[in-house]
Amino acid sequence: RDPLWSRGLGDVYKRQVLRYTEGFNTASRGKIRMVRSSPSADVDSSRLRDDIEWTGLKTFLDTDHIYNHAVWAVEIPVTDQVGSAAQNKITVERQTLLPVWDENGWSSPVATRNPIWALCAIARASFGARYDDDRLNLASLKVQADNCDVREDYFDYQFDTKTTVDKAYKIAARASRSEYTSYGNRLSVVRDEYREIAQMQFGMRQIERASIELSYPKGDSSDKYDCSVEVECIDPNTWETTKVLCVLPGETASRPFPWKFEGCTNIKQALREGMYLAARRKHRNRIVNFKTEMDGQLVQKGMSIGVSYAITGWGQSGDIIEAAAADNGGQIITLREAVKFEAGEIHQIVLRGQDGRPQGPFIAKPYGLLARESEAHYCQYLHLLPDNSKGAPDIYTCLLYTSDAADEEDSV
C-alpha cells in the first residue's frame with residue numbers, strides 16, 4: 001500500500017524525538033508489517049540519528065453482534081497470558097436487580113442491596129432451594145427487610161464459587177445480624193437484638209433435675225484473642241480489602257479477633273457489626289444447657305428466656321400457693337418456700353403463667369418475716385405494690401431477682 005507517512009516532516013534534524021500516531025483501515029484480516037521506504041545511507045555523521053521505531057499496534061474489530069448481558073474488553077499484551085490470579089484483579093462495579101415483595105406480590109427485578117431479598121432470591125432460584133412462596137414467611141421477611149433499609153444494612157456479595165444453599169443462607173442473613181430459621185417448614189430469619197424482657201421463664205420446676213450445665217466458650221474466646229475485633233471488609237473507594245478495628249470503651253486491642261465480613265462494602269456497617277461482635281465476646285461468656293419437658297416445644301430460635309436455678313445463683317424461684325388482695329392495695333402472695341431479701345436492695349418478681357409467658361417484673365416487698373439475719377432476711381409472704389399489680393390469675397411460679405440481677409442476668 002502507499003507509504004504510511006507521506007506528509008513532509010520539515011526539518012528532521014532535531015534533537016527531540018518525533019512521535020506520530022496514524023490510523024488506517026484494512027480490507028481484511030491478515031498479517032501487518034512495517035517497511036521503511038526512505039533511504040538512510042546519506043547519514044554519515046555519528047552526531048546524527050535517523051532511526052524509526054515501531055512502538056505498538058492496536059487493532060479494533062467492528063461487529064454488529066448484540067449481547068443480552070453486560071460485556072467489557074480487556075487489553076492484554078500478546079506476550080502475556082491470563083492466569084487465575086490475573087482474573088481476580090479485574091473489578092467491575094455493578095448493581096444487583098432482584099424482585100422485592102409487598103402485600104401486592106412480587107415486583108419486577110429492581111436495584112436493591114437488601115440482604116433479606118437476596119436470601120429470598122436464593123430460596124426461590126432454580127439454582128438455589130427452588131422454594132415456592134408457601135415455603136416463605138413473607139410477612140416476617142418483609143418486616144426484617146424494612147428494618148434493614150432503616151439501619152442501612154447492605155449485602156454486596158457475588159457467589160462466584162459453588163457452595164451449598166445452607167451456607168448461602170448464612171452469608172446473606174449475617175449481613176443483617178440474623179440467622180435463618182424454618183418454623184412449620186417456612187423459611188424466615190431471626191435477628192440478634194435487644195429484648196427488654198424475657199419471652200419465657202424457666203425455674204426449678206421446669207428444668208429437669210441434674211440436667212443444667214454451665215460452661216464457657218472455647219476456641220475463639222480463649223486467651224488467644226482479647227475482646228477487640230478486627231473486621232475485614234471491602235473499601236468502596238478502592239475496592240480493595242481493608243480492616244476496621246473495633247474496641248469497646250475501656251478495653252485494649254493488643255490481640256484483636258480477626259473476622260471476615262463477607263458481603264460488606266460499607267465501613268459504617270462494618271464498624272457497627274464489629275462493635276456488636278466485640279460486646280458479644282465480652283458479655284456472653286457463659287453457656288447454659290439444660291433439659292426440660294413440654295415447655296421446650298414453645299421455645300423458638302433466638303428467643304430470650306429467663307433462667308433461675310439454685311446452683312447458678314441467678315435469682316430465686318418457687319411456687320405461689322395463694323394470692324389475695326391487700327387492704328392497702330396490691331396483692332399479698334404466699335410462696336411455698338421463703339425467699340431471701342438482701343438489705344438495701346430493690347427486689348423484682350417475675351410471674352410465670354401456665355403458657356410459660358412472663359408477667360412483670362413487679363416491685364416486691366416482704367410481708368411478714370419468718371427469720372432474720374444480719375444482712376438478709378427470708379420471707380414467705382410478698383406484697384406486690386399496687387401501682388405495679390395486674391392481678392395474678394392462673395399463676396403458679398415466681399422468680400425473684402434483685403434489681404441488678406433482673407437487669408443483667410435473667411436473659412440467656
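This is a short chat about a predicted model of one protein chain.

Q: How many helices and strands are in the protein chain?
A: Six helices and 20 strands.

Q: And how much of the protein chain counts as buried?
A: 30% of its 412 residues.

Q: What share of the contacts joins residues at least 24 apart?
A: 66%, counting contacts between residues at least 6 apart in sequence.

Q: On to helix packing. At what angle do α2 and α4 pack?
A: About 170°. Their axes are 8 Å apart. Helix α2 covers residues 115-124, and helix α4 covers residues 165-174.

Q: Is the crossing of α2 and α4 left-handed or right-handed?
A: Left-handed.

Q: Which residues meet there?
A: From α2, P115, L119, I122 and A123. In α4 they meet V165, A168, Y169, A172 and A173.

Q: What about C246, where is the nearest cysteine sulfur?
A: It belongs to C233 and lies 9.1 Å away. C246 is in no disulfide. The cut-off for a disulfide is sulfur atoms within 2.5 Å.

Q: Is C246 buried or exposed?
A: Buried, because its relative accessibility is 0%. The cut-off for buried is under 20%.

Methods. Residues numbered from 1 in each chain as written. Predicted model: local features only at pLDDT ≥ 70, side-chain atom pairs only at ≥ 80, totals over all residues. Heavy atoms only, no water. Axes fitted to C-alpha atoms, helices over the stretch in contact; angles between N-to-C directions. Helix = DSSP H or I, 4+ residues; strand = E, 2+ residues; numbered from the N terminus. Left-handed = near helix turned anticlockwise from the far one by under 90°. Contact = heavy atoms within 4.5 Å. Buried < 20%, exposed > 50% of the residue type's maximum accessible area, 1.4 Å probe, protein only.
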